[in-house]
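Me: I have a model open and want a quick tour. Can you walk me through it?

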Amino acid sequence: MGQHFLHDSQVISEIVAAIGPAHDQHIVEIGPGLGAITVPLLRRLGKLNVIELDRDIIPQLQAMASNVGELIIHNADVLRFDITTIEPLDAPLRVVGNLPYNISTPLIFHLLESRSRILDMHFLLQKEVVDRLAASPGNGAYGRLSIMVQYHCRVERLFNVSNAAFTPPPRVISAFVRLTPHKVLPVIANDPQMFSRLVNAAFSKRRKTLKNALKGLLTESEIHALDIDPTNRPERLSTEQFVMLANHCAHIE
């Protein structure tokens, strides 16, 4: 399945400590693999939901958990799984996972659709992805992913993880990150679809100036009227400024 299994006990301890699981919490682990994080989480919680696609791994997970606690295994493709169906239906969820690099970005966007039920998310990701998640305006890693995730969540880079901590070792460095959905959005996009469309448009033509990248959506004078320099490149703008632009687009449509 293209997974890299975590085996370093020190890193596992650091991850569990950063998550800080409490006995009355409802945690969902994505891609438990060989149970490196699963077992210590289950030991703390007594009950744990996991989502695992690989059927061959499930018997091993069940055997490891048999004397530890109640492990509820959802054999499913997490990109198609509705996390809000996990019981009890009124319980806030915490999500953790050592995510396969090839699905990390679409999975984060998929989970954000259920953000109203999610307290926080802790993910082990490719460092390059975490760089993009946490980037600020003007940083080379700043782009669509940064803006769309930061609009919905507070992003905290926690620590890097060497490739030697995995079997087989990946070719890249990993990083552990915490995403905490905002209880109240710092700024509100009146039309979320327009906001997404405008950000996509801006960064599909990243090297162009804002006035050229957004041609067809906003005129140079309209951008300027919002006190935003239309000659700036998109990576210079904050999330709040993109929301301002999107709200103006929604208003004129």
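**Strands, helices and rings**

Reply: Start with a facing pair: I30 stands opposite I51 in strand 3. This is a predicted model, in which local features need pLDDT of at least 70, side-chain atom pairs count only at pLDDT 80 or more, and totals for chains, interfaces and linings use all residues. Residues are numbered from 1 along each chain as its sequence is written, and side-chain values use heavy atoms, with hydrogens and water left out.

Me: How many helices and strands does the protein chain have?

Reply: There are 10 helices and nine strands in the protein chain. Both are DSSP runs numbered from the N terminus: helices are H or I with at least four residues, strands are E with at least two.

Me: Back to strand 3. How many bridges join strand 2 to strand 3?

Reply: Three bridges do, between strand 2 (residues 26–30) and strand 3 (residues 47–52), and the two run parallel. Strands pair if DSSP finds at least two bridges between them. E29 has V50 in strand 3 as its bridge partner.

Me: And which way do strand 2 and strand 5 pair?

Reply: In the parallel sense, over five bridges, with strand 5 at residues 93–98. V28 stands opposite V95 there.

Me: Is strand 2 mostly covered or mostly open?

Reply: Mostly covered: four of its five residues are buried. Buried means under 20% relative accessible area, exposed over 50%, and partly exposed in between, using a 1.4 Å probe and protein chains only.

Me: What is the strand order in the open sheet?

Reply: The order is 4-3-2-5-6-9-7, seven strands with mixed pairing. Strand 4 (70–75) and strand 7 (153–161) are the edge strands, each pairing on one side only. On average, neighbouring strands are turned by 20 degrees against each other, direction ignored.

Me: Which strands does helix 3 lie across?

Reply: Strand 3 and strand 4; helix 3 covers residues 58–65 and runs at about 170 degrees to strand 4. Axes here are lines fitted to C-alpha atoms, for helices over the stretch in contact, and angles run from 0 to 180 degrees between N-to-C directions. Helix 5 lies across strand 6 (118–126), strand 7 and strand 9 (174–181), at about 135 degrees to strand 6.

Me: L61 is in helix 3. Buried or exposed?

Reply: L61 is buried, with a relative accessible area of 2%. Leaving aside neighbours within four places in sequence, L61 has contacts that include P32, L34, T38, E52, L71 and I73. Contact means heavy atoms within 4.5 Å.

Me: What about R43, buried or exposed?

Reply: R43 counts as exposed, at 57% relative accessibility. R43 is found in helix 2 (residues 38–45). R43 and E70 are 27 residues apart in sequence and 9.6 Å apart in space, C-alpha to C-alpha.

Me: Switching to aromatics. How many aromatic pairs are there?

Reply: Four aromatic pairs. Rings of Phe, Tyr and Trp (its six-membered ring) pair if their centres lie within 6.5 Å; planes under 30 degrees apart count as stacked, over 60 as edge-to-face and the rest as tilted. Y142 and F203 form an edge-to-face pair, 6.5 Å centre to centre with 80 degrees between the planes.

Me: What does that pair tie together?

Reply: Parts that are 61 residues apart in sequence, because Y142 lies in the loop between helix 5 (127–134) and helix 6 (144–152) while F203 lies in helix 7 (residues 192–204). Y142 is buried at 0% relative accessible area, and F203 is buried at 13%. Ring pairs link Y142, F203 and F242 into a cluster.

Me: Which residues of helix 7 are buried?

Reply: M194, F195, L198, V199, A201, A202 and F203. At the start of helix 7, a side-chain oxygen of D191 reaches to within 3.1 Å of the backbone nitrogen of Q193.

Me: And why is helix 6 largely enclosed?

Reply: Because seven of its nine residues are buried. Among them are L145, I147, M148, V149 and Y151.

Me: Last one: what share of the protein chain is buried?

Reply: Buried residues make up 49% of the 253 residues. The C-alpha atoms fill a box of roughly 65 × 40 × 30 Å, taken along the principal axes.

Conventions
Polar contact = N/O pair within 3.5 Å; in protein donor to acceptor, adjacent residues only side chain to side chain.
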